[in-house]
Amino acid sequence: MTVSYSLEVANARFGGFSKLLFRWRGSIYRLLYKEFLVFCALYAFVSVFYRYTLTSRQRDLFERIALYCDHFTNTNFIPVSFVLGFYVTLAFNRWWGQYTSFPLPDNLMMVVSGNVHGRDERGRLLRRTLMRYAHLSSVLILRSISTRVRKRFPSLEHIVDAGFMTAKDVEKLESLNSDFNKYWMPLTWFSNLAAEAREEGRVRNDVALKLLMEELNKYRAKCSLLFHYDWISIPLVYTQVVTVAVYSFFAFCLIGRQFLNPMKGYKDHKIDLYVPVFTLLQFFFYVGWLKVAELIINPFGEDDDDFETNQLIDRNFQVSMLAVDDMYQNLPPTVRDKHWAAAGSPAPYSQTAGPGARTPAFMGSTYDMRIQFKEGLNHSRVLWMPGQNLTGLRLSLL
């Protein structure tokens, strides 16, 4: 389930973000702890090997190698920050694009409810079938890209059992010979059924039919975009470059960041410690950054912060059917509102809102600006047209 902490950060206060550091589910600790433990174990192994296993001559050779590795890990020889920062930015933009491409039926169901008429069984059947076709298309595309939805609907029969399609729909879908994904077929059924409703007079004019087709095409475009996001990934070579850069950097750190014998007077080796605190922090930041990119590069998996695709399917189906069926011409009575006799009166605030809840209306940043006039000049209004001389154009105030 997606981890939400919006309420905890609604107000900026002392220690607001610090409280989030103690969460486990969806945290960087859960994502990173295995790699962190492996790095600590390897560092401890190299440290013990250097201190207690090598001979004096071998220690001298190891120390020269360590100084050599440390020289390159402390310079920009491996541009970890650059390649990693650009990669995470690219992955985040892709993640946000996939979220905004999710097909939501809200616009389409409003158009269907307002333009496909008939309170009889035929009218109800048309509206429900149109929305079922639209929803079926999103189920088919999500089943193709989301592991959660694929596990929920491993076959078309499971979709039939869930009520999103019928056995006849399956026959029609499978009867069409195509080597490509057929998620678009239910949308074609939608357009044909809308044209049939127009011929029956359920859609009363061509403008309404045009509006239906426009919203259908927007819905289809989002389904298509999700499919292409899944098909066209960030180039593999870039992912490989970033991964090799990060892990090779810390592979050299295993040797280069060892604490050498301070008695030998090596530069920057004045003390001897067993725990490389700042190297571990660097590992936490850089590899954690890489794990963030790994988390968001495909949000249709089963990680803590991946999209709740099954919940979205349930919500979209229920809401769309309610909009075109139960709520069709089911209006509350039209009555005078509370402010009928006092137009423009402000809406009241509850006591829980607090005494300072109502603030003065914003009139513009220069509304309260004070302008000082030069002494000896009348407060006059100057009228001027481009190209005219300002001399003699001062007029008295009206």
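Modeller: The account below begins with the aromatic pairs and the helix, then turns to the cysteines and several loops.

This is a predicted model, in which local features need pLDDT of at least 70, side-chain atom pairs count only at pLDDT 80 or more, and totals for chains, interfaces and linings use all residues. Residues are numbered from 1 along each chain as its sequence is written, and side-chain values use heavy atoms, with hydrogens and water left out.

A search of the whole structure finds 26 aromatic pairs. Rings of Phe, Tyr and Trp (its six-membered ring) pair if their centres lie within 6.5 Å; planes under 30 degrees apart count as stacked, over 60 as edge-to-face and the rest as tilted. Phe 39 and Phe 283 are a stacked pair, because their ring centres are 4.5 Å apart and their planes meet at 15°. Phe 39 belongs to helix α1 (residues 28-53) and Phe 283 to helix α12 (residues 277-296), so this pair ties together parts that are 244 residues apart in sequence. Helices (H or I, at least four residues) and strands (E, at least two) are DSSP runs, numbered from the N terminus. Both Phe 39 and Phe 283 are buried, where buried means under 20% relative accessible area, exposed over 50%, and partly exposed in between (1.4 Å probe, protein chains only).

Phe 86 and Tyr 238 form a tilted aromatic pair, 6.1 Å centre to centre with 45° between the planes. Since Phe 86 lies in helix α3 (residues 80-100) and Tyr 238 in helix α11 (residues 236-256), the pair ties together parts that are 152 residues apart in sequence. Tyr 238 is buried, with a relative accessible area of 18%. One aromatic cluster is formed by Phe 36, Phe 39, Phe 249, Phe 250, Phe 283 and Tyr 286.

Helix α12 itself has 20 residues, which at 1.5 Å a residue should span 28 Å, and its end C-alpha atoms are 28 Å apart, which agrees. The expected span is 1.5 Å times one less than the number of residues in the helix. Among the buried residues of α12 are Thr 279, Leu 280, Phe 283, Tyr 286, Val 287 and Leu 290. The buried residues of α12 pack against α1, α3 and α11, with contact taken as heavy atoms within 4.5 Å.

The cysteines come next. A search of the whole structure finds zero disulfides, a disulfide being a pair of cysteine sulfur atoms within 2.5 Å. The sulfur of Cys 69 has its closest cysteine sulfur in Cys 253, at 9.1 Å, which is too far for a bond. Cys 69 counts as buried at 9% relative accessibility, and Cys 253 is buried with a relative accessible area of 0%.

The loop between α11 and α12 holds Leu 260, a buried residue with a relative accessible area of 1%. Leaving aside neighbours within four places in sequence, Leu 260 is in contact with Tyr 50, Glu 63, Ala 66, Leu 67, Tyr 266, His 269 and Ile 271. Leu 260 and Tyr 349 are 89 residues apart in sequence and 68 Å apart in space, C-alpha to C-alpha.

His 117 counts as buried at 16% relative accessibility. Apart from neighbours within four places in sequence, His 117 is in contact with Gly 123, Arg 127, Arg 202, Arg 204, Tyr 328 and Gln 329. The charged end of Arg 127 sits over the ring of Tyr 328, 3.5 Å from its centre; this requires NZ of Lys or CZ of Arg to be within 6 Å of the ring centre and within 35 degrees of the ring normal.

Gln 329 lies in the loop between α13 (309-326) and β1 (381-382) and counts as partly exposed at 41% relative accessibility. The phi angle of Gln 329 is near 55°, a positive value in a residue other than glycine. Arg 336 has its place in the loop between α13 and β1, and Arg 336 is exposed, with a relative accessible area of 61%. The C-alpha atoms of Arg 336 and Leu 7 are separated by 36 Å, the two residues being 329 residues apart along the chain.
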